[in-house]
Amino acid sequence: MPESSIVVQPEPEGSSTYTAAARLQAAGLKSAIAVFEEAAAAVPLPSPPQPIVIADYGAATGHNSLLPIGAAIAVLRKRTRPEHSVLVAHTDRPDNDFTALFRTLEEDPDTYLRKDPATYASAVGRSFYAQILPSNSVNLGWSSWAIHWLSKVPAVIDDHLQIAYCADESVRAAYARQAARDWHEFIAFRGRELCPGGRLVVTTMAVGEDGEAGFRSLLTAMMDALDELAADGLITTEEVTRMCVPTVARCAEDFMAPFAPSGRFEGLEIEHLEVFNAEDRFWARYRIDSNAGAFGARWAGFARASVFPALSAALADGEADPRIPVLFDRLEAAVAERLSAAPEQTQIPQAHVVLMKRPKT
C-alpha cells in the first residue's frame, strides 16, 4: 500500500490537550486492563536472558498504554524473577509524535518505567498494517483506540463526516470493504509476530447490538459548526464536503469474519470478544457538577485532539494550510457552544477482543 494513501491516526497539537482528551478514551479501560492482566497471566514466558516482549500497536503519545502495560508487567513479575528483562515496543506510523511518546514514558506519573527497573522501552515507526516486529517474537500485545482508523479513505462521504451515518449505500460498502481488509491485514501480521501461546488484546470502537456506532451528538455539532464556518467564508463548501473522520466501528461479526469457518486465521483464534457501551465520563461529571459549559468544552477538546486533524486533509493546502489554527479554534468553540446548549449522554459502543496464537503441539 503506498505511503501517500495512508491516513494516520490524528495526533495532537499539544500533549497536554491530548492528555485531557485521552481521559475520555480511557472509557472501558478498567475492564480492558482486567482482560490484559488475564492474558499476561496465561501467556508462556521465554527463559532468561531472552526478554519478555510486549508490543503496543498504535501507541500515539502513550497515554492509553501506561496503565495497561504497567498492570501486565505486575502480573508477569509474579511469574518470573525481578531481573528477567521486559522489552516494551511501542509502535505507530513514522510521522507519529515520538518525542511526545518518550516524554510520556519519562515524565508521566503512571509510567511503568519508574516501577520496574528491568523493563525497557523502545519504539518502531511503521504502520501496523504491515509486519513490524520479528516473527514469533511477541509474547503479549496491546492495541487501544487505534484499529478503527482506516489505512486510507476509500471514498468521499458527501452527506456526513462519519461513515456510520452516511445514507449512500455504495459509499458505506466501500468503507466496509476497506475496514474488512484492514482488520484482515492487522491480525494476519500479528499472527506472524506473536509467539505460540501469545495473546493480543484489542480495545476499539464497535457497533452495538442496536446498530448504533455512537458519538451522534458530537458529530452533529461538528457538521453544523463546519457549515456555519463555510457560510462565514473561512472554509469553502467543497472543502466541507471532502472532510471526513475516517474511522469505522465494527460489529462482532466483522471481528469474527477472517476466522470463518474454521475458527482460526494465521495461527490465531478469538479467545474473548465483548461488545458493550462504555461510560461517557464527561456526562458522568456533568451529572455531578451541572456545569454545561465545562461539559461542552470537554467534548470539544476531545474532538480537537482526536479528530480535527483528520479534517485538515480536505483543505486546499492540506496540513500546511495557514487557516488551520483559526479553523480549529473556531470549530472547537462552536462545538463546545452547541453541546453546552443541550447536554446529553453520548453512547460509546466499544469492543474488547483477545486473540491467541495457538501453541505448537
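Helices here are DSSP runs of type H or I with at least four residues, numbered from the N terminus. By that count, H6 is followed by Gly-233, whose phi is positive, near 90°. The model is predicted.

**Helix H6**
- H6 spans residues 216–231, which is 16 residues.
- From first C-alpha to last, H6 reaches 23 Å, close to the 22 Å expected at 1.5 Å a residue.
- Its buried residues are Ser-217, Leu-218, Leu-219, Ala-221, Met-222, Ala-225, Leu-226, Leu-229 and Ala-230.
- An α-helix has 3.6 residues a turn, so residues three or four places apart point the same way.

**H6 against H12**
- Two packed helices are described by the angle between their axes and the distance between the axes.
- The H6 and H12 axes come within 9 Å and cross at roughly 125°.
- H6 and H12 are therefore oblique to each other.
- Their crossing is right-handed.
- On the H6 side, the contact uses Ser-217, Leu-218, Ala-221, Met-222, Asp-224, Ala-225, Leu-226, Glu-228 and Leu-229.
- On the H12 side, the partners are Leu-327, Arg-330, Leu-331, Ala-334, Val-335, Arg-338 and Leu-339.
- By class, the H6 and H12 contact holds eleven nonpolar residues, one polar and four charged.

**H2 against H3**
- H2 covers residues 29–42 and H3 covers residues 66–77.
- Their axes come within 9 Å and cross at roughly 30°.
- Angles under 35 degrees count as roughly parallel, so H2 is roughly parallel to H3.
- The crossing of H2 and H3 is right-handed.
- H2 contributes Leu-29, Ile-33, Phe-36, Glu-37, Ala-40 and Ala-41.
- H3 contributes Leu-67, Pro-68, Ile-69, Ala-71, Ala-72, Val-75 and Leu-76.
- The H2 and H3 contact has twelve nonpolar residues, no polar ones and one charged.

**Ser-312**
- Ser-312 sits in the loop between H11 and H12.
- Its relative accessible area is 3%, so Ser-312 is buried.
- Leaving out residues up to four places away in sequence, Ser-312 touches Gly-318, Glu-319, Ile-324 and Phe-328.

Conventions. Residues numbered from 1 in each chain as written. Predicted model: local features only at pLDDT ≥ 70, side-chain atom pairs only at ≥ 80, totals over all residues. Heavy atoms only, no water. Axes fitted to C-alpha atoms, helices over the stretch in contact; angles between N-to-C directions. Helix = DSSP H or I, 4+ residues; strand = E, 2+ residues; numbered from the N terminus. Parallel < 35°, antiparallel > 145°, perpendicular 65-115°, else oblique. Left-handed = near helix turned anticlockwise from the far one by under 90°. Contact = heavy atoms within 4.5 Å. Nonpolar A, V, L, I, M, F, W, Y, C, P; charged D, E, K, R; others polar. Expected span 1.5 Å × (residues − 1). Buried < 20%, exposed > 50% of the residue type's maximum accessible area, 1.4 Å probe, protein only.
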